[in-house]
Amino acid sequence: MAGVTDPAMRRIAFRLGASATVSEMVTAAGVARGDRETSMRLARAGEGPRVIQIAARAPEEIAAAARCAEAAGADWVDINMGCPCKRVTGGLAGAALMRDLDQAARLISAAREAICVPFTVKMRLGWDDASRNAAELARRAEAEGAAMITVHGRTRQQFYSGRADWRAIAVVKEAVRIPVIANGDCAGEEDAAAMLESSRADGVMIGRGAIGQPWIVGDIAHFLRTGKKRAPPTPAQRAAIAREHLSGLVASMGASAGLRHARKHLAAYVDRWGRPTAADARRALVTTESPDEAVRLIELIFLGGAPVEQGKAA
């Protein structure tokens with residue numbers, strides 16, 4: 001997710017049990033510019049499978065982005081054909097490609113020819129309810145050699161409104177022989193189990209549900225593997241993870257940019273805690289210009305101001 005799955009978040013999620021993590025979307029334009037943001041998105045997040053997601057609107061662009069992802073060390077490359085953002089679809093990329101399956105197939109073919117590592121395709125159910133064509137796009141992707149398909153259970157026109165239609169993903173599962181991953185509205189262990197039952201998918205992908213709780217991906221993986229729930233993180237553990245996330249962003253982006261990028265994450269860590277806290281402290285946390293002050297406020301909110309040694313609570 002652009003602006004969300006930064007290397008620090010991916011590193012934390014994998015350490016806490018995620019099977020794999022996916023980079024923020026890398027665009028052909030970003031590759032051409034070679035800007036700092038694209039470099040960060042291509043950066044290694046730590047151990048585990050390295051998945052780099054790319055998006056483009058033309059075959060030569062998707063080939064360039066795919067080659068860049070492979071050169072950066074991707075274990076596999078994920079082609080985004082599901083992003084509903086107007087900035088992306090307005091450029092005829094992301095979910096806009098579900099309105100032109102011939103062009104989508106050309107892009108998939110161009111990416112396949114450009115790289116040696118496996119590639120996957122992420123999509124939505126279709127552009128709108130009148131054109132739910134995910135099964136056809138999945139068949140075309142499989143024919144071009146895609147190793148896996150991920151389907152978000154909404155159309156592009158829904159954006160994130162309503163509920164994801166997990167049963168509709170089963171139509172895609174029936175259409176192909178390669179693994180299908182279900183995505184959309186998975187907020188916890190029970191959701192994951194229900195999603196798999198409804199969609200008949202081979203696995204689940206967590207998106208917005210991991211914001212402010214990157215451990216939830218590992219929690220779900222553990223539950224699906226063992227049938228048992230892990231204990232939720234303590235306040236001290238939440239504080240340590242929030243500090244680690246902030247520290248990683250500051251290290252990779254610099255104090256000012258890193259802190260700005262961290263604000264939505266820090267707000268989510270507090271909000272996901274679900275316990276009363278001083279509104280003034282939360283407001284100060286998401287407006288401070290000092291990383292040291294942000295750390296102090298994290299400890300104030302989660303620990304009542306009593307600092308813990310780095311690493312002790314993780």
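**Stop 1: salt bridges**

Across the whole structure, a search turns up 19 salt bridges, each a side-chain nitrogen of Lys or Arg within 4 Å of a carboxyl oxygen of Asp or Glu. Side chains of opposite charge can pair when their charged atoms come close. Before you select anything, note that this is a predicted model: local features need pLDDT of at least 70, side-chain atom pairs count only at pLDDT 80 or more, and totals for chains, interfaces and linings use all residues. Residues are numbered from 1 along each chain as its sequence is written, and side-chain values use heavy atoms, with hydrogens and water left out.

Select R15 and E244. They form a salt bridge, with the closest N and O atoms 2.4 Å apart. This pair links distant parts of the chain: R15 is in helix α1 (residues 7–15) and E244 in helix α11 (residues 235–253), 229 residues apart. Helices here are DSSP runs of H or I with at least four residues, strands are E runs of at least two, and both are numbered from the N terminus. R15 is partly exposed at 42% relative accessibility, and E244 is partly exposed at 26%. For these labels, buried means under 20% relative accessible area, exposed means over 50%, and partly exposed lies in between (1.4 Å probe, protein chains only).

Next, select D185 and R208. Their side chains meet in a salt bridge at 3.5 Å, N to O. D185 sits in the loop between β7 (180–183) and α9 (189–199), and R208 in the loop between β8 (203–205) and α10 (216–226), so the pair ties together parts 23 residues apart in sequence. D185 is buried at 17% relative accessible area, whereas R208 is partly exposed at 36%.

Move to R243 and E299. This salt bridge spans 3.9 Å, N to O. R243 is in helix α11 and E299 in helix α14 (residues 291–303), distant parts of the chain that lie 56 residues apart. Both R243 and E299 are buried. Then select D102, E136, R139 and R140: salt bridges with shared partners join them into one network.

**Stop 2: G218**

Select G218 in helix α10. Is G218 buried or exposed? G218 is buried, at 2% relative accessibility. Show its contacts (heavy atoms within 4.5 Å). Leaving out residues up to four places away in sequence, G218 touches L16, G17, A18 and R230.

**Stop 3: aromatic rings**

Rings of Phe, Tyr and Trp (its six-membered ring) pair if their centres lie within 6.5 Å; planes under 30 degrees apart count as stacked, over 60 as edge-to-face and the rest as tilted. By this rule there are two aromatic pairs. Select W273 and F302, a tilted pair at 4.9 Å centre to centre with 45° between the planes. W273 lies in helix α12 (residues 255–273) and F302 in helix α14, so the pair ties together parts 29 residues apart in sequence. Both W273 and F302 are buried.

Now look for charges over rings (NZ of Lys or CZ of Arg within 6 Å of the ring centre and within 35 degrees of the ring normal). R99 lies over the face of W127, 4.4 Å from the ring centre. R124 lies over the face of Y160, at 5.0 Å.

**Stop 4: cysteines**

How many disulfides does a search of the whole structure find? It finds zero, a disulfide being a pair of cysteine sulfur atoms within 2.5 Å. For C85, the nearest cysteine sulfur is that of C83, 5.0 Å away. C85 is partly exposed at 32% relative accessible area. The sulfur of C116 is 15 Å from the closest cysteine sulfur, in C68, so it is too far for a bond. C116 is exposed, at 75% relative accessibility.

**Stop 5: backbone angles**

Most residues other than glycine have a negative phi. F159 is not a glycine, yet has a positive phi of about 50°. Find F159 in the loop between β6 (149–152) and α8 (166–175). F159 is partly exposed at 28% relative accessibility. R200, also not a glycine, has a positive phi of about 60°. R200 lies in the loop between α9 and β8 and is exposed at 56%.

**Last stop: confidence**

Colour by pLDDT, the predictor's confidence in each residue, from 0 to 100. The protein chain averages 92, and 94% of the residues score at least 70. Finish at residues 306–314, where pLDDT stays under 50. For this stretch, the model has 13 contacts beyond four places in sequence.
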